[in-house]
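Me: I'm new to reading protein models. Could you walk me through a few features, one at a time?

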Amino acid sequence: MTDGQLPGTRGAPDGGAPAVECRGLTKHYWRGDALVDCSFSVPEGRLAALVGPNGAGKSTFLRIAAGLTRPTSGDIDVLGEPIVSGRTVATHVGYVDQVRPLYRRLRVDEHLRMAAAMNDVWDQAMAVRLLSQLEVPLRARVGRLSVGQQAKVAVTLCLATRPRLMLLDEPLASLDPVARTMLMRALLAEVSEMGTTVVLSSHVISDLDPVCDYLIILRDGQAVLSEPMDDVRAGHHLVVAGRDAPSPPGDVVTEERGARQVRWMVRSHEPPIGGLGGGSGEGPDVEVLRPSLDEIVVAHLTRRHASATTPADDGGVGAGGADGVDGAGQRDLVIADEGERA
Amino acid sequence: MTWVSWRLHRTQLLIIGTLAVLAAVAMTTTGRPPMSLAVHDVQALAWGLLFALPVAAGVVVGVTVTARERERFTNRLAWTQGISRTRWLLATLVPVAVVGSVAVALISSIATWWVAAAGNGPRIDPNPFDVSGVVPVAYFLASLGLGVLAGSVIRNEGLAGASAAIAAIAARIVVRNVVRPHLAPVVHLTSAHFPLRDLGPIWSSIPGGSAVEHGWILGYGWVPAGRTTPLPGHSWYSSFRPATGSDIVGVRCPVVTPSGSRSSFSVHSDCSNPAHLHFVVNFQPLSHYWLLQAGEAGIFLAGAIAFVALAAFLLRRSSE
C-alpha cells in the first residue's frame, strides 16, 4: 500500500528468501510439454536472466509466476506467497508480456490513468519522468507508436507500480539497438534504486551479459543451470588441447573434436589444468580460455544428455548437435546467431 | 474505474446512442406505428431498430468486455495489475450496463408512447409488447451477459458476437412463443356461435368479447365442449373459414358449409354431434400487460445475472 513496505536497498544476500521459487513445475499443453518438473529459485534483489531456445518454457514460466497460467502440477512461490492462477492478485509483482499488450486506441497518458486506477501503488511522477526520458509522447495513441515505443510504455507501466518483483518476457525483442540500450539503462536505474528483483527472458544473450547478476538456463522445460552470474563465469572453462589429450577433470559440458584439436567446456570450481598434467601454459597444445557467456549458454543448450559427443568439424560452436537426434542443436544455433547480430 | 470502463467502451456506446436517437426521431416524426413492418420505410426502420437494438447493443458491448480483451491479449495487462479478474470484469461491465440500460429504457419509453399513440392505448400483442415497457432493458442486459459469456469461452470477437446473438435471438423467440403466454393465467371466453362477420371474428358479438379486442389472442376455434384447448395432437384451426373435409379443431367433421351469405358458419349436421362443440377464444387481456412484462423481464434479468456469474467463474479459471 505504501512505499514503506518496499525494501529500500538492493542486493539481499543469497541466503535471503527467494523472490521466486518453483518446485517440480510442470505445464502440459495439448501440443506438448512447456515445463517438465522444473525447479529453481531466484534470490531477492537479483536481476536474473532467463535464457533458452524457443519452446524451452520461458514464457510459460513467467506467465505462471504472474498468475496468468495455471500449471499442470508443481508449486511456485512468489515473494513468499504461493501463486494460484486467477485467485492471486499480483500486488508487488509487475509483469510485461511478450506481446506487450496495450490498448491501441488509448493514449499513453490514458494508460497511466488506467494503471493508476488499477493499482494500490502508483508513482505517476516516476511514470511521467521515465516516459519523457525515454522520449515517448504522452498524448500519442499507443496504436500509432513504434514497437520500441510501445515496449517503453509497457515497461514504464510496470515500473511505476513500484513492484518488488518484475517479470519481463522478452522486453527487448524487436527493438533497435538505440531503443534497447535506452530502455535497459532506464530499467536498471529504477530497479537498482527500488531494490526490485527482476526476472528477464531474452534470446539475445549479449544484452543480458553486462547487466544481469543471475542466470537461469531453460532447456526443454527444465532448468539446466540456475546460479549467480559470478559463479557461472568463474565455474566454466574452455579447454583447448591436442586431439589426443585426455579429457579434463570436472563436469564436461561439451566436447568438440576437430581435425587437430579438441575443445571442452568444463564446469568446475578450479581451473581444470591440473588433471591435464601441468599448470597453466604447460605444453604447447593445452590452453585454458575464459569462455564468453554466449559460449557457456550455448554449451549447456547443446549438451548431450549422454556425455558422448559426435565428432565435428573445426569451429561452429554447437555444431556437434546440429545433425541432431533431438533437434535442440538447430534451435540453439539460431540463438547464437541472434547473439552475434546484436 | 468508471472512467476506465467508459474509455474502453466509448465508441460502442456512442454508436448505440446514435442508433437510439435515430429510432426516437423516426418514431416521433411518424406518429402512428404500422400494423406490419413494411408499411412505411421510416416506420419500418424504427421497428427494426426497436427490435434489434437491445440484442445488438448488448452483444456488441458484451464481447468487447471479454473476447476483445482476450483476442488482443490486453487481459494479460489487466489481469496482472493490482485487482482481481472478477473485479476487473465488473469494473468494466457495470458502468456500460448502466449506461446502456438507461439508453434502452429511454427508447422503450418513447416506443411505449408511440404504440399507444395508435389510439387504442397500450398494446399487449407480441410486436408492440417486445419494444415497449421494461422488457427491452431486460433483453439488453441478457444479451450483454451472453456476449460476456461467449467472449469468455471464444477468444475471437466476431465468432463470440455471432454465437451470443444467435443465442439471444433464440432465447427471445422461445420465451415469446412458449413461455410468455403462460406468465399470467389465460382467459377463456366461450360462445355457442362463431362470432364471424365478413372477413374476421367480431369479438364484441360474444359476451365479454370486447376485452379480446385489446388483448393478445393466443388461439380460437371450435373445440369439444368442456375443453378450452384443442384435443391432443390437434391444433387451433388456422382460419375462420374451414375448408371442405378439414379437421376442425379436434373433431373430425367431413363437410362444413356456410349457411346464407357467409355471415355465419355452422357446423354441418353430418358432424356426429354438433352440441358437443363450442367456440373458444383464449387470450391475455390488456390488464395482464404488467404481469407479463414483469415475468418476462424477470426471466431475462435472471439470465443476465447467471451468464455474468458463469463468465466470471470461467475467466477466473482460465489459463492464459
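Reply: Helices (H or I, at least four residues) and strands (E, at least two) are DSSP runs, numbered from the N terminus. Keep in mind that this is a predicted model, where local features need pLDDT of at least 70, side-chain atom pairs count only at pLDDT 80 or more, and totals for chains, interfaces and linings use all residues. Residues are numbered from 1 along each chain as its sequence is written, while chains are lettered from A and ligands numbered from 1 in the order in which they are written.

Me: How many residues of strand β3 in chain A are buried?

Reply: Five of the five residues in β3(A), which spans 47–51, are buried. In a regular strand, side chains alternate between the two faces of the sheet. Here both faces are covered, with L47(A), A49(A) and V51(A) on one side and A48(A) and L50(A) on the other.

Me: Which strands does β3(A) pair with?

Reply: Two strands pair if DSSP finds at least two bridges between them. β3(A) runs parallel to β8(A), residues 197–201, with four bridges joining them, and A48(A) stands opposite V199(A) there. Four bridges also join β3(A) to β9(A), residues 214–219, again in parallel; in that strand, L215(A) is opposite A49(A).

Me: Why is helix α1 of chain A called largely enclosed?

Reply: Because seven of the eight residues in α1(A), 58–65, are buried. Among them are F61(A), L62(A) and I64(A), along with K58(A) and R63(A). After the helix comes G67(A), with a positive phi near 80°.

Me: Is D251(A) buried, exposed or partly exposed?

Reply: D251(A) counts as partly exposed, because it has 14 C-beta neighbours inside 10 Å. You'll find D251(A) in strand β12 of chain A, residues 251–257.

Me: What do I need to describe two packed helices?

Reply: You give the angle between their axes and the distance between the axes. Axes are lines fitted to C-alpha atoms, for helices over the stretch in contact, and angles run from 0 to 180 degrees between N-to-C directions. In chain B, the axes of α6 (135–153) and α7 (157–179) come within 8 Å and cross at roughly 140°. That makes α6(B) oblique to α7(B) (under 35 degrees is roughly parallel, over 145 roughly antiparallel, 65 to 115 roughly perpendicular, and the rest oblique).

Me: How many residues of chain A are in contact with chain B?

Reply: Contact means that the C-beta atoms of two residues, placed from the backbone, lie within 7 Å. By that rule, 25 residues of chain A are in contact with 20 residues of chain B. Helix α2 of chain A (108–118) gives the most to chain A's side, with five residues.

Key
Buried ≥ 20, exposed ≤ 12 C-beta atoms within 10 Å, placed from the backbone.
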